[in-house]
Amino acid sequence: IILIIAVFLLKAASASASNIVINEFIANPTSPANEWVEFYNPSGLDLSTYWIDDDLFFTDDSGNSSKKSLSSINSSNPNYPYIELSSSIFNNSGDYVVLFSSSGEILDQYQYTSDPGKDKSIGRSPDGGNWTTLATSSKGNSNGGSFIPSPSTTSHLHLPQPLPNQMIHKLHLLLFLMFHLR
């Protein structure tokens, strides 16, 4: 029974992690401002052990820059935490923005292929939705609904999320097994 409960809890934690997405970022800020990345985190999970990078390879930092820990993430608004990067990691003309779990699993990624312009943020509208260039940046807050035509996009990976009915079914199954296997 303990094993069944442990498997259920691990699956539930994995499902929650898949709800976290990159929500907005600025890759070309006016100096002395920093690049930053905001996340849409409706579950309010602690992201301080996660990583952000500009390539798809967690263990290989041979590219332009090393992955950055989210240990100093600003979670003053836990639904829209963000990280200000002390050094630039994104290429203005195009790059990947990749969110890795603490174990190196890609949770979300986006590739932009052109410079949106100085201080223009690329984000999802609505939050967690489709990518576009936003009319105004909203670091640490909801992206609202204002946007301008989308930048060139070549790929986006969004991991599937379990439906609420699937979670309810798993909970019912777990309760059934707990009561009938004692």
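A search of the whole structure, which is a predicted model, finds eight aromatic pairs. Rings of Phe, Tyr and Trp (its six-membered ring) are taken to pair if their centres lie within 6.5 Å; planes under 30 degrees apart count as stacked, over 60 as edge-to-face and the rest as tilted. One of the pairs joins Phe 25 and Tyr 110, with 6.1 Å from centre to centre and 55° between the planes, and is tilted. Phe 25 belongs to strand 1 and Tyr 110 to strand 7, so this pair ties together parts that are 85 residues apart in sequence. Phe 25 and Tyr 110 are buried, where buried means under 20% relative accessible area, exposed over 50%, and partly exposed in between (1.4 Å probe, protein chains only). The rings of Phe 25 and Tyr 112 also pair; because their centres are 5.4 Å apart and their planes stand at 45°, this pair is tilted. Tyr 112 lies in strand 7 and Phe 25 in strand 1, so the pair ties together parts that are 87 residues apart in sequence. Tyr 112 is buried, as is Phe 25. One aromatic cluster is formed by Phe 25, Phe 90, Tyr 110, Tyr 112 and Trp 131.

Lys 67 is placed over two aromatic rings, those of Trp 51 and Phe 58. A charge is counted as sitting over a ring if NZ of Lys or CZ of Arg is within 6 Å of the ring centre and within 35 degrees of the ring normal. The distance to the ring centre is 5.8 Å for Trp 51 and 4.7 Å for Phe 58.

The protein has two helices and eleven strands, and its elements run α-β-β-β-β-β-β-β-β-β-β-β-α from the N terminus on. Helices (H or I, at least four residues) and strands (E, at least two) are DSSP runs, numbered from the N terminus. Of the 182 residues, 38% count as buried. Among contacts (heavy atoms within 4.5 Å) with a separation of 6 or more, 59% are between residues 24 or more positions apart.

Two cis peptide bonds are described here. The bond from Ser 31 to Pro 32 is cis, with omega near 10°, and Pro 32 lies in the loop between strand 1 (21-26) and strand 2 (36-40). A cis bond also joins Ser 125 and Pro 126, with omega about 0°; Pro 126 is in the loop between strand 8 (122-125) and strand 9 (130-134). Asp 119, a residue other than glycine, has a positive phi near 60°. Asp 119 is located in the loop between strand 7 (106-112) and strand 8, and counts as partly exposed at 38% relative accessibility.

Ser 138 is found in the loop between strand 9 and strand 10 (147-148). With 13% relative accessibility, Ser 138 counts as buried. A polar atom of the Ser 138 side chain lies 3.3 Å from the backbone oxygen of Ser 142. Apart from neighbours within four places in sequence, Ser 138 is in contact with Glu 24, Glu 38 and Asn 143.

Residues are numbered from 1 along each chain as its sequence is written. In this predicted model, local features need pLDDT of at least 70 and side-chain atom pairs count only at pLDDT 80 or more, while totals for chains, interfaces and linings use all residues, and side-chain values use heavy atoms, with hydrogens and water left out.

Note on methods. Polar contact = N/O pair within 3.5 Å; in protein donor to acceptor, adjacent residues only side chain to side chain.
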